[in-house]
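Reader: Please present the model, so that its helices and charged pairs may be discussed in turn.

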Amino acid sequence: MIRSLARPTLSFQPALLLPAALTILAAGLLLFVSPRSAHYWRVGEDHEPVLVGFHGNEQNETDLFRWSQPQAALFLYGYRGAPALVELRLAAPRQPGTPPAKVAFACQDGALGTITVAGYWRRYRFLIPTTATGETVLQWSTDPYVALPDVRELGVALSGVKQWPLAEHPPLSAQTISWSVLPLVVWAAGAVWRWPAHWRDVVAGLALLPAIGLALLPATAEYWLPTVPWPWWPLLPALVIVAWPALAAVRRSVVQWVAAQPVASWMGLVVAGVSLLALRAGAPVWLALPSAIIGVGLAWPLIAERDDVSLSLWPIGRSLAAITGVALVVRLVALDQMPPALWRDESRHGLLALQIWVDPTFRPIYVPVFADLPALLFYLMAPAVGILGPHAWSARLVSAVAGALTPLALYWFAAPLIGRRAAVLGAALLAWASWSVSMSRWAFPATLDHLLVLAAAGLLWRGLDPARHGWRVWLHVAGAAILGGLAVYTYHTGRLAPLALLVVALVRLGRDLSHWRVAWPRVLLAALIGAMVIAPLVWYVLTDSTGFNRRVGSVSIFQADDLARHRPLDFLAEHIVRYGLMWHAQGEANGRHHLPLAPMVDPVVGLLLLIGLGIAWRARRTAAVVVVVFWLLYYLPGLLSFNAPHAMRSLGTLAPACALAGWGLSRLAAGAPWRRWLIPAALAASLAVNLWVYFGLMWHDPRVYGEFDRVETVMAQIARRAAAHAVEAQTAVTVYLPREWVLSDTVQFLTSDLAPADQPRIWRGVLDSHTDALVVLPAFADPAEVDAVMNALGPAAIEVTPTPTIPADSAPLVRVFARGAAALALLRSP
């Protein structure tokens with residue numbers, strides 16, 4: 001039975017026109033309330049304008065000021081298209097003999113000119129044409145200036161800003177028109193879709209707030225409101241509202257026709273699949289993605305209302321065991337070869353784990369600057385690298401195992417929400433997803449976070465069941481609190497764990513007060529245990545909130561360093577689009593996280609995800625809403641930070657997406673007995689594609705292996721080979737590296753277990769004339785540096801070729817110069 005969501009008729013009555021008339025009148029009146037007043041500001045005062053590209057406050061004999069970087073900008077808000085005057089108090093002192101600072105100024109419309117800024121304080125005034133819809137910015141750039149011993153690159157010094165409008169009343173801009181008609185659009189939409197009258201009026205009233213803000217606080221409101229896509233807004237929503245009855249009628253006719261033509265449903269499924277494949281092949285998003293969605297809509301009669309295949313046909317335990325086995329294999333096989341080299345952060349995590357292992361006084365809660373992470377991962381890594389040694393595979397072992405266990409946690413979480421069979425299928429799709437595999441195979445705590453949160457959510461759901469009693473529910477609740485608290489100690493996304501568990505509790509207990517009366521002691525216990533678990537981290541935050549938020553703040557959309565755009569909600573809108581497209585069109589560009597720019601899931605999961613979202617909408621009033629809320633919740637870290645889409649910050653969306661895809665496959669396979677074969681076919685296709693992406697494409701893609709510390713890894717391998725050769729051949733070979741390479745995190749970690757005599761040494765241009773030695777330089781070393789090495793090694797020096805490289809068939813990464821028979825034998829031996 002297909003339920004129509006359309007509300008095809010709209011009956012306009014005079015009484016209903018009154019709210020619209022009042023809304024338009026109020027919005028129109030608010031357009032002419034006070035224009036932006038003049039703004040005078042000096043460095044150190046409150047109400048600082050939006051400045052980008054500046055260092056901190058400094059004080060000289062007479063003034064408090066801020067140095068700009070060579071490129072900097074001032075953003076102007078609240079002028080609504082009216083011209084503005086801006087006065088900057090600038091100085092550009094330079095050392096004797098240094099040319100004066102020539103500064104090029106520009107705005108969003110183009111160049112304003114180049115002036116020479118004096119070495120003493122002067123005021124410079126600019127007439128800026130402001131924009132009615134976008135952002136107005138005054139930019140400037142100059143040659144970098146370094147005043148040793150200060151190593152910062154400086155531009156000009158700023159001590160004050162004055163800005164004021166030239167128009168008594170700003171013009172009627174596109175932005176003010178767009179936000180003023182928002183209440184009318186909301187009210188009309190509520191009337192068309194028959195919202196309850198009180199809700200419609202309340203929402204329409206709230207929609208008036210942007211216009212009020214633009215009238216009363218123009219600068220603040222213009223900063224926080226997103227750029228409107230004029231004239232598409234409000235024209236397009238208005239057209240949709242007007243045409244909605246006709247659109248609803250067309251939709252009903254199509255639904256009736258499809259229901260009478262079963263072949264049309266299968267054709268819709270084919271259209272959806274072909275559209276997603278075309279999207280990956282480069283088809284326009286505006287054409288292929290709507291076609292896929294329409295295809296899924298046409299295929300909707302194929303989707304069963306419920307699973308009708310007996311669960312007894314499903315050996316759940318054996319299925320989960322097989323899934324876990326596959327997950328372990330794809331994450332542990334060749335763990336030291338793919339990725340082929342360590343990355344700096346992995347090495348730092350390994351060094352911290354080793355310090356925890358050997359130093360009983362080092363027990364961090366959070367490690368700022370060096371790692372900018374909570375410390376749980378380092379404690380779990382400590383036994384692995386401490387016992388097994390500092391290797392790539394030992395450092396990655398904890399993350400790999402955590403990733404392999406996450407499908408089990410997903411099943412545990414999703415089974416009571418969407419059904420056991422759908423949960424098993426979701427776990428299988430997650431087990432070999434190339435995104436999850438890639439994130440699991442390097443030493444980072446993101447996989448650990450989601451393993452703990454999913455397990456905690458499953459425990460909490462069972463522990464808060466009002467119909468269950470006894471000691472097990474208390475163990476479930478306590479276990480959920482412990483795991484949820486530990487999740488906060490994993491990665492920055494772990495800060496969402498308490499919120500995620502709160503969602504579980506709210507949905508589980510619902511609006512029934514009797515449920516809360518039964519469960520409130522369990523909720524209290526969970527809160528107390530959770531508070532105890534996170535108490536050390538809370539104490540750390542209270543003592544060093546700056547360090548705790550340093551990394552999060554540096555990538556936040558609320559602290560943008562973009563010289564052309566600065567509105568947080570503009571970035572948010574852009575990120576919403578990018579994260580929406582990452583499933584089917586274009587994923588992240590960073591090769592450390594996934595295949596660059598490839599969709600984050602395979603086409604099978606992409607199609608099933610669309611079906612699963614439709615099923616979730618149909619079941620939105622059931623417990624299954626928790627899966628969707630989890631999916632949406634874990635977009636937040638990525639949406640609120642830069643580099644979208646970011647595979648690590650949004651990894652929490654993958655498990656719920658796989659659960660939804662598994663739900664879609666389970667319902668699609670229900671019905672005729674032959675449909676059961678869709679399940680093994682879909683799983684086999686998904687497995688093949690993901691293995692091909694990770695072990696086929698990513699293994700050999702320079703955009704992937706080029707993101708890791710290949711030079712440092714090769715240098716460390718040579719040092720380790722020299723140490724092993726010294727034991728076997730009883731002949732010591734000293735390995736020398738340039739200073740920056742010896743001190744690099746990767747070389748430090750991979751050689752940390754070598755004896756002091758076998759550690760690589762810093763190349764200082766000289767060496768003992770009686771030692772066998774290897775001097776290792778990067779392949780891009782300067783010819784003068786190479787000549788100096790050859791001269792220092794003397795007439796017996798030989799450049800050894802070929803040298804080790806990663807991957808084995810890639811270009812050389814290092815140049816190795818040897819002196820002595822033992823040194824030559826070392827590199828020429830297999």
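**Salt bridges and a bent helix**

Author: The side chains of Asp745 and Arg348 meet in a salt bridge, at 2.7 Å from N to O; a salt bridge places a side-chain nitrogen of Lys or Arg within 4 Å of a carboxyl oxygen of Asp or Glu. The pair links distant parts of the chain, with Asp745 in helix α30 (residues 745-750) and Arg348 in helix α11 (residues 344-358), 397 residues apart. Helices are DSSP runs of H or I with at least four residues, numbered from the N terminus. This is a predicted model, in which local features need pLDDT of at least 70 and side-chain atom pairs count only at pLDDT 80 or more, while totals for chains, interfaces and linings use all residues. Residues are numbered from 1 along each chain as its sequence is written, and side-chain values use heavy atoms, with hydrogens and water left out.

Reader: Does Asp745 count as buried or exposed?

Author: Buried means under 20% relative accessible area, exposed over 50%, and partly exposed in between (1.4 Å probe, protein chains only). Asp745 has 16% relative accessibility, so the residue counts as buried.

Reader: Where does α13 bend?

Author: The bend at a residue is the angle between axes fitted to the seven residues ending there and the seven starting there. In α13 this angle is about 35°, at Val398.

Reader: How many of the 27 residues of α13 are buried?

Author: Helix α13 covers residues 392-418. The helix is mostly covered, and its buried residues number 20 of 27.

Reader: Which residue just after α13 takes a positive phi?

Author: The phi in question is about 105°. The residue that takes it, just after α13, is Gly419.

Terms used. Helices (H or I, at least four residues) and strands (E, at least two) are DSSP runs, numbered from the N terminus. The expected span of a helix is 1.5 Å times one less than its number of residues.
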